[in-house]
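This report goes through a three-dimensional model chain by chain and contact by contact. Please keep the sequence and the coordinates open while reading.

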Amino acid sequence: MGFFKKLEKLDRRIIYIVITLAVILPFFFPMHMPIAIQPEVKSIYDYIESLTPTDIVLFSGDYDPQVEAELSPMFDAVLAHCFEKNIKVIVANPFSIMGMGLVEPRLKKLADEYNKVYGVDYVFLGWRPGGFLLILGMGEDFNKTWETDYYNTRLVDIPLTQNIKDYDDIALVLALAGSAAYNSWIVFAYAQYRQKIAAGITAVMAADAYPALQAGQLIGIMGGLRGAAEYEQLVHRPSLGSVGMEAQSWAHVVIILFIILGNLGYFASRKRKK
Amino acid sequence: MTFNLSSNIWVWIAVFFTLSVYSFLWKDNPLFKFAESVTVGVGMGYAMVQWFTLSLVGRFWTPLTTDFSSRFHLIIPAIMGLMLITRLIPRFTWLSRYALAFTMGAGSGFALPRVIQAGVLQQLYATMLPIEFSLHGFLYNFIIIVGVLSGLIYFFFSKEHKGWFGSIANVGIWFLMVGFGATFGYTVMARLSLFIGRVLFVLRDALGFLKI
Amino acid sequence: MFWKKQLPLIIVFMMGLIMTVQYFIPHHVSKWVYVNYVDWAIVIAIFGAFLGYFSFLRVHITRIRKKTSNWVFSIITLASLLIMIVFALIDGKGSDSLFQNMFLYTSAAINATVFSLLAFYISSASYRAFRAHSAQAVALLLAAVIMMLGRVPIGDKISFWSAWGIPSINTVSQWILNSPNMAAKRAIALGVGLGSLLMTLKIILGIERTYLGN
């Protein structure tokens, strides 16, 4: 059997082993490659830099465990940035019930790290049913829309939330979405209320979000683990995103080699058939 | 290169389930099915508890009981919501239509002007770019205008794609192919990131190899 | 017939019309309608969730009762569900509770791992399926390869030619995203926007009524 014939019949498990090695080995032999910052990530950083301690950033953690690897590092990096600058933070999950379980421990951990006080510096709202209805409701009456926080305290009794009326009191919404939820923020919060929105989305959806960025509907985009890595670099807090980029690099190279090899085999067999 | 194994039993439970799921790469097996059943059950249990505490108690019961005089009307939508269960009883399915009609009608009404605004008009405004006679003007403004128009023409199926119309539609296909290529590249990135996430969990949380 | 069909459609039409018009009238009465509707709709959604949970339990209990294939796994599913409820009752749902840990280290971990299997399948698909059949397929593959290299640090590392003023892979990938990709995605987005517009109109006018059931 010729080389190309063998290539065609390659067992899928060999491919699996090669990709596993391409991902695992870089953690043991890191090359410490620098990560360039893209303008769409820098613009989110710059906007948050321009905020003051009286401003509020609303984190919309609309992602499920399936895509946690991409979005939680973004959550950590931007939250750390906000806490560092003493910006007030509200975390909610209008579109994802599972997202609550992912962001709550992270919020607690970072809040403890930065000595933040619950109810004064940050509030966790969690999830309620309704999705886009919650976005609409917040545009007119924030407290009535949510009523209570995650721990069942009424928002009117919490110092940070008692004076929030509507989107005029929210400086930025960071839509961390593993679905088209970021688009709901654009349609229901930007279109009517001109709410400033930044998107932290999975890489699968990142390419689709550029029309919204160019149209000014988003102030910036963080796409996938790379987006998280860039933000980590900006806030000088290298973590999962930055460390993962080495493995990501080599795995991409291996996939490109797979595509080339697969095509070589394809053209060889086409030539044979002719 | 030092390892510092986790003493947290939960971490090792997660490692066990992680490996159980990966065993599917070899072939389907009871371990994978077990993990599948656990995730469905635990996920549903999580959702039910959160729904009860946050929604039923936090968003309905607490405002109703603490502010009954002004929020008593919440009982009406509660009854409408319960009417949705009649979908499971063939004789009374029609009752669920009232709750559906109420939400679908208003939902469509909410979406209509906002989708026109955000999904159509603002996108069209953003395409009306000045034609600049410079490299930047060509690489961005000109290409964006040509790409959007030819892409739209490609999706216009009421006229046969022939002659000049077909040629423009063909240009649209090239743009779409580049767009799909970008999405494909990003999709590969996304899928690998998820695997990297699991590897990072094992290396950092379980084996204590990575100190981040 | 009127109660079962026409009246729900009239409600759909009226609600659709009111909420569409409401957008253009920033009057306090209009805002009152809007705020209270949202308040009600959220409560409907809360109680509507009953339907989902009830269906879920019914499916698994029926499977166990009829002992259909893999019914044992339905027992595991229901037992896991019950454990979560018990954990919430005895230990609450705080950051380090049994409830939260059970979710994070079983369900979340398994879900994340199941999705990560896609990394293997996409590797296999890259090898077997992505073929340069035609010129347009070459364009797709080329854009994909540039994106794959341009979005990771190694793209900058291998772009030695950037020292001579030639754009690096990273710069080219950035241009692809912001120019041709953006144009293509906008054409698609406009199509989707117009499509969903038509769908909402069809619902309001009662042409689309599949959501009402048979």
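## A bent helix in chain A

Helix α13(A) bends by about 30° at Glu246(A). The end-to-end span of α13(A), which covers residues 240–273, can be set against expectation: at 1.5 Å a residue its 34 residues should span 50 Å, and the end C-alpha atoms are 48 Å apart, which agrees.

The structure described here is a predicted model. For the complex, the predictor gives an ipTM of 0.93 and a pTM of 0.94. Chain C has an average pLDDT of 93, and 100% of its residues score at least 70.

## The fold and dimensions of chain B

Chain B contains seven helices and zero strands, so that, read from the N terminus on, its elements follow the order α-α-α-α-α-α-α. The radius of gyration of chain B is 28 Å, whereas a compact globule of 212 residues would have a value near 17 Å. Along the principal axes, the C-alpha trace of chain B spans about 65 × 65 × 35 Å.

Of the 212 residues in chain B, 45% are buried.

Helix α7(B), made of residues 163–206, has 44 residues and reaches 63 Å from its first C-alpha to its last, which is close to the 64 Å expected at 1.5 Å a residue. Just after α7(B) comes Gly208(B), which takes a positive phi of about 65°.

## The contact between chains C and B

How many residues does each chain bring to the contact between chain C and chain B? Chain C supplies 97 residues and chain B supplies 96 residues. On the side of chain C that touches chain B, the elements giving two or more residues are α1 (2–24), α2 (28–66), α3 (71–91), α4 (98–128), α5 (135–150), α7 (169–178) and α8 (180–204) of chain C. The most comes from α4(C), which gives 20 residues to this side. By class, the side of chain C that touches chain B holds 71 nonpolar, 21 polar and five charged residues.

One residue of chain B that touches chain C is Ile13(B), whose contacts include Tyr105(C) and Thr106(C), residues up to four places away in sequence not being counted. Ile13(B) is placed in helix α1 of chain B, residues 9–22. With 16 other C-beta atoms within 10 Å, Ile13(B) is partly exposed, because a residue is called buried at 20 or more such atoms and exposed at 12 or fewer.

## The contact between chains C and A

Chain C also meets chain A, with 48 residues of chain C in contact with 48 residues of chain A. The elements of chain C that give two or more residues to the side touching chain A are α2, α4, α5, α6 (153–158), α7 and α8. Which element gives the largest share of this side? The largest share comes from α4(C), with 15 residues. The side of chain C that touches chain A divides by class into 28 nonpolar, 11 polar and nine charged residues.

Arg114(B) lies in helix α5 of chain B, residues 93–127. Is Arg114(B) buried or exposed? Arg114(B) counts as buried because it has 23 C-beta neighbours inside 10 Å, the threshold for burial being 20 or more. Leaving out residues up to four places away in sequence, Arg114(B) touches Val187(A), Phe188(A), Ala191(A) and Gln192(A).

Asn152(A) has a positive phi of about 65° although it is not a glycine. The loop that holds Asn152(A) runs between α7 (142–146) and α8 (159–162) of chain A. Asn152(A) counts as partly exposed, with 14 C-beta neighbours inside 10 Å.

In chain C, Asn70(C) is a residue other than glycine with a positive phi, here near 60°. Asn70(C) is found in the loop between α2 and α3 of chain C. Since 12 other C-beta atoms lie within 10 Å of it, Asn70(C) is exposed, the limit for that class being 12 or fewer.

How values were computed: Residues are numbered from 1 along each chain as its sequence is written. Chains are lettered from A and ligands numbered from 1 in the order in which they are written. This is a predicted model: local features need pLDDT of at least 70, side-chain atom pairs count only at pLDDT 80 or more; totals for chains, interfaces and linings use all residues. Two residues are in contact if their C-beta atoms, placed from the backbone, lie within 7 Å. Helices (H or I, at least four residues) and strands (E, at least two) are DSSP runs, numbered from the N terminus. Ala, Val, Leu, Ile, Met, Phe, Trp, Tyr, Cys and Pro count as nonpolar, Asp, Glu, Lys and Arg as charged, and the others, Gly among them, as polar. The expected span of a helix is 1.5 Å times one less than its number of residues. The bend at a residue is the angle between axes fitted to the seven residues ending there and the seven starting there. The radius of gyration is taken over C-alpha atoms; the globule rule is 2.2 Å times the number of residues to the power 0.38. pLDDT is the predictor's confidence in each residue, from 0 to 100.
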